[in-house]
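Here is a structure to read together. Look it over first, then follow the dialogue.

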Amino acid sequence: RHTHRPRALPSKSTQRAHRELIQNTKSALALFLEDPASTNRFGIEELARRVHASPYHLCRIFKRDVGMTIGQYWMRLRLRTAAERLVWSDHTITSIAHDLGFSSHAHFTSSWSNEFGSPPSALRHA
């Protein structure tokens, strides 16, 4: 008969390493946004390589500590970056969408509406 013991908390050094991994991951994701060419090549394997972790470990720790998957965080980061660009630049919605790795204007608008409840043009015309 197996009894389940409560999982022990990770050591302080492991907790520190996990915090550092999460911070490095967020920084790496932000760097992807600065280069439109790399935004379109984003992948978990490349991200894990950049932060020196296995893809499985990175995904598991990120979800546990941040409360969302890397994919969800990446989408949110791109949409918030798009919001800044819509307000502070005169680039078209389509060019902003493509610069941030969205496959089309429709994909961007759909993702935006799911996140914010209105189309991106509403922010531009506000």
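**Reading burial, packing and core**

Q: Is Met68 buried or exposed?

A: Met68 is buried, because its relative accessible area is 14%. Buried means under 20% relative accessible area, exposed over 50%, partly exposed in between (1.4 Å probe, protein chains only). This is a predicted model: local features need pLDDT of at least 70, side-chain atom pairs pLDDT 80 or more, while totals for chains, interfaces and linings use all residues. Residues are numbered from 1 along each chain, and side-chain values use heavy atoms, without hydrogens and water.

Q: Where is Met68, and which residues is Met68 in contact with?

A: Met68 sits in the loop between α4 (55-66) and α5 (70-88). Helices are DSSP runs (H or I, at least four residues), numbered from the N terminus. Beyond neighbours within four places in sequence, Met68 is in contact (heavy atoms within 4.5 Å) with Phe62, Lys63, Tyr73 and Arg76.

Q: How do α1 and α4 pack?

A: Two packed helices are described by the angle and the distance between their axes. Here α1 (residues 12-34) and α4 pack at about 100°, with axes 10 Å apart. They are therefore roughly perpendicular (65 to 115 degrees). Axes are lines fitted to C-alpha atoms over the stretch in contact, and angles run from 0 to 180 degrees between N-to-C directions. Among the residues making the contact are Leu21 of α1 and Phe62 of α4.

Q: Which residues touch the most other members of the largest nonpolar core?

A: Nonpolar side chains tend to be buried together in soluble globular proteins. A nonpolar core joins buried Ala, Val, Leu, Ile, Met, Phe, Trp, Tyr and Cys residues through side-chain atoms within 4.5 Å. In this core of 29 residues, they are Leu29, Leu47, Leu58, Phe108 and Trp112. α5 gives the most, with eight residues.

Methods:
Helices (H or I, at least four residues) and strands (E, at least two) are DSSP runs, numbered from the N terminus. Angles under 35 degrees count as roughly parallel, over 145 as roughly antiparallel, 65 to 115 as roughly perpendicular and the rest as oblique.
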